Amino acid sequence: MKSGWTLDPTDIIALVLMGLFAMRRINIRGTDPRAFPQVPIGAFREWQARADRAKRISIHTCFAKFALNSIWFFIIGRHVIRPVLATGGWLIFLGWFGGLMYAWYLSSAAQGLAEVLGIVPGTRLPGPPIDGEGGARAEGEDASTNGGP
């Protein structure tokens, strides 16, 4: 192992992917249900929860890969022989890959639900959300019960 602090290229990839997944998660969480009046609010929230869970798993998997890999190589790596170091590195990499594949599976299922419901992630309407969370009023609510205009 080289002396000094060198960063594994797959850690850089994991950090970049983590940022992309975080931006996608913001897009999913910001999708306005008022833009899809044909979709029942319960079904919309179901899609949003599924898609958010998939992106959350992706983000946590990438961060865990970076953190575990750094600890493994820079702290524990000084105390183990090279074959053990390499095996541990491969296990961390394969765990990261497996976590991303699981998140991809969940994301694909959420995307399929979005297509069936006609939801386009990231769609927003002008103006502030009615209930303060980006959601629409429940059926039967008027502006006076919700504090809105």
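**Note on the nonpolar cores and aromatic contacts**

1. Nine residues make up the largest nonpolar core of this predicted model: Ile28, Phe36, Val39, Phe44, Trp47, Ala51, Ala110, Ala114 and Ile119. Such a core is a set of buried Ala, Val, Leu, Ile, Met, Phe, Trp, Tyr and Cys residues joined through side-chain atoms within 4.5 Å; buried means under 20% relative accessible area, with a 1.4 Å probe and protein chains only. At least two residues of this core come from each of α2 (41–74) and α3 (82–117), and α2 gives the most, with three. Helices are DSSP runs (H or I, at least four residues), numbered from the N terminus.

2. Another core, of seven residues, lies apart from this one and includes Ile59, Cys62, Trp96 and Leu100. The charged end of Lys65 sits over the ring of Trp96, 5.6 Å from its centre (criterion: NZ of Lys or CZ of Arg within 6 Å of the ring centre and within 35 degrees of the ring normal).

3. Phe36 and Phe44 are both buried. Their rings form a stacked pair, 6.4 Å centre to centre with 25° between the planes. Rings of Phe, Tyr and Trp (its six-membered ring) pair if their centres lie within 6.5 Å, and planes under 30 degrees apart count as stacked. Phe36, Phe44 and Trp47 form one aromatic cluster.

4. Ile28 is in contact (heavy atoms within 4.5 Å) with Trp47, Gln48, Ala51, Asp52 and Lys55, leaving aside neighbours within four places in sequence.

5. Residues are numbered from 1 along each chain as its sequence is written, and side-chain values use heavy atoms, without hydrogens and water. As the model is predicted, local features need pLDDT of at least 70 and side-chain atom pairs count only at pLDDT 80 or more, whereas totals for chains, interfaces and linings use all residues.

Methods
Buried < 20%, exposed > 50% of the residue type's maximum accessible area, 1.4 Å probe, protein only. Phe/Tyr/Trp six-rings, centres within 6.5 Å; stacked < 30°, edge-to-face > 60°.
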